[in-house]
Amino acid sequence: MGFTLTSSSSSSCTINDQFLSPSSLSSSSRLFTWAPLSFSLPIIPGKKHVVYAKKSGIEEALRIKRMRELQQGDTKVRRRIPLRRGKVSPPLDVPEHIQRPPYVGTKQMPELASEQQFHDSEGIEKMRAACELAARVLNFAGTLVRPSVTTNEIDKAVHQMIIDAGAYPSPLGYGGFPKSVCTSVNECMCHGIPDSRQLVDGDIINIDVTVYLNGYHGDTSKTFLCGNVDPKLQRLVKVTEECLERGISACKDGAGFRKIGKKISEHAEKYGFGVVDRFIGHGVGKVFHSEPAIIHTYNDRPGHMVEGQTFTIEPILTLGSTECKTWPDNWTTVTADGSPAAQNTREQNSERARNEWESVAPFLPIPKKAKSRRLMSLRISKVNAYQAVRIQRVDDVETM
């Protein structure tokens with residue numbers, strides 16, 4: 001799950017449509033449209049500020065090309081019925097013996113924790129267990145994707161598998177979220193609430209699974225294809241997954257966080273897709289959402305990665321506008337123009353998911369001391385599309 005950031009076209013900065021004065025830049029932004037995000041920016045008293053990234057001539061040319069393609073309707077796909085809210089059933093029960101995150105029962109949106117999250121050897125093992133469980137649950141959820149199945153049925157199946165494993169479904173009760181998983185169909189960018197709507201042939205659906213196991217959150221998602229999907233949507237899904245891999249390839253000890261957004265944006269623009277800048281990755285571990293903020297677009301945000309920290313990378317790509325609007329439920333966020341969107345995906349039919357997915361633990365022990373300098377790399381779970389990654393010391397750079 002991610003949080004949001006927006007910027008205005010005038011000489012000011014807005015987050016969630018609210019003007020930010022220089023004095024407010026240090027604690028403004030939201031998780032799921034609410035929770036604060038910390039900025040470390042130089043402030044000049046009495047001046048308005050713009051958050052932007054300088055683009056090269058090639059980057060600007062690619063942007064202009066994309067705008068022309070949008071104007072010419074190059075990204076049009078088969079017209080579909082716009083997404084509508086179905087009937088939402090009551091939240092499912094969780095056995096009393098299962099450990100709950102601190103936010104459960106408060107109905108208040110937790111603030112973004114300012115502390116970045118690092119783990120000792122015990123924490124690494126617990127993170128590994130949580131992430132492996134989340135991966136298995138997501139794999140199972142993908143096998144359920146087919147025409148006529150409702151997103152509510154997917155939620156029930158996911159919920160049961162999580163509690164059977166002795167874990168808690170992290171979204172349930174987070175700021176009042178009523179379900180155990182997020183299901184985002186077609187033009188829904190993220191945070192879709194499972195309901196009575198049936199999937200139809202040609203849909204794409206992102207399933208976002210987070211589990212809370214032994215005090216640690218394991219967070220992952222993937223976009224699945226339902227039946228016969230338009231080739232342009234299939235390409236959107238494939239390129240989004242490739243963008244994720246490129247974002248991960250930028251991660252190493254000492255690297256700037258802004259390199260993630262650069263890698264993702266460069267690849268998306270090659271295919272004329274937009275990258276949503278409103279939703280951002282975050283730290284994950286004992287706390288569901290924390291610093292650092294991971295921006296998926298070109299940016300000049302300061303900060304560098306440090307060995308041992310954990311965070312999510314979760315780009316959202318669109319066929320059309322990257323602008324969005326949120327439904328009255330305060331969760332479901334869709335593209336402003338109704339164009340399809342995909343988040344951290346792998347091109348893969350749901351019917352083949354059972355055979356094609358790997359389950360590789362993303363967290364492995366780090367030597368506490370190194371006698372010589374070694375290269376830094378990542379070990380990640382290939383099943384994770386919206387996943388936590390941990391910077392780790394290894395002998396050689398590994399191929400992702």
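Visitor: How many helices and strands are there in the chain?
Guide: Six helices and 19 strands, where helices (H or I, at least four residues) and strands (E, at least two) are DSSP runs numbered from the N terminus. This is a predicted model, with local features needing pLDDT of at least 70, side-chain atom pairs counting only at pLDDT 80 or more, and totals for chains, interfaces and linings using all residues. Residues are numbered from 1 along each chain as its sequence is written, and side-chain values use heavy atoms, with hydrogens and water left out.

Visitor: How do I read strand pairing, and which strand does strand 8 join?
Guide: Strands of a sheet pair through backbone hydrogen bonds, either parallel or antiparallel. Two strands count as paired if DSSP finds at least two bridges between them. Here, strand 8 (residues 204-213) runs antiparallel to strand 9, with ten bridges joining them. Tyr 212 sits opposite His 217 of strand 9. The two strands make a hairpin with two residues between them, and Asn 214 in the turn has a positive phi of about 55 degrees.

Visitor: Is strand 9 mostly covered or uncovered?
Guide: Mostly covered: ten of the ten residues in strand 9 (216-225) are buried, meaning under 20% relative accessible area (1.4 Å probe, protein chains only). Both faces are covered, with Tyr 216 and Phe 224 among the buried residues on one side and His 217 and Leu 225 among those on the other.

Visitor: What about the open sheet, in what order do the three strands come?
Guide: The order is 10-14-17, with antiparallel pairing. Strand 10 (274-275) and strand 17 (341-343) stand at the edges with a single partner strand each, so one side of each has no neighbour in the sheet. Strand 14 (residues 316-318) pairs with strand 17 over three bridges, and Leu 317 stands opposite Ala 342.

Methods
Buried means under 20% relative accessible area, exposed over 50%, partly exposed in between (1.4 Å probe, protein chains only).
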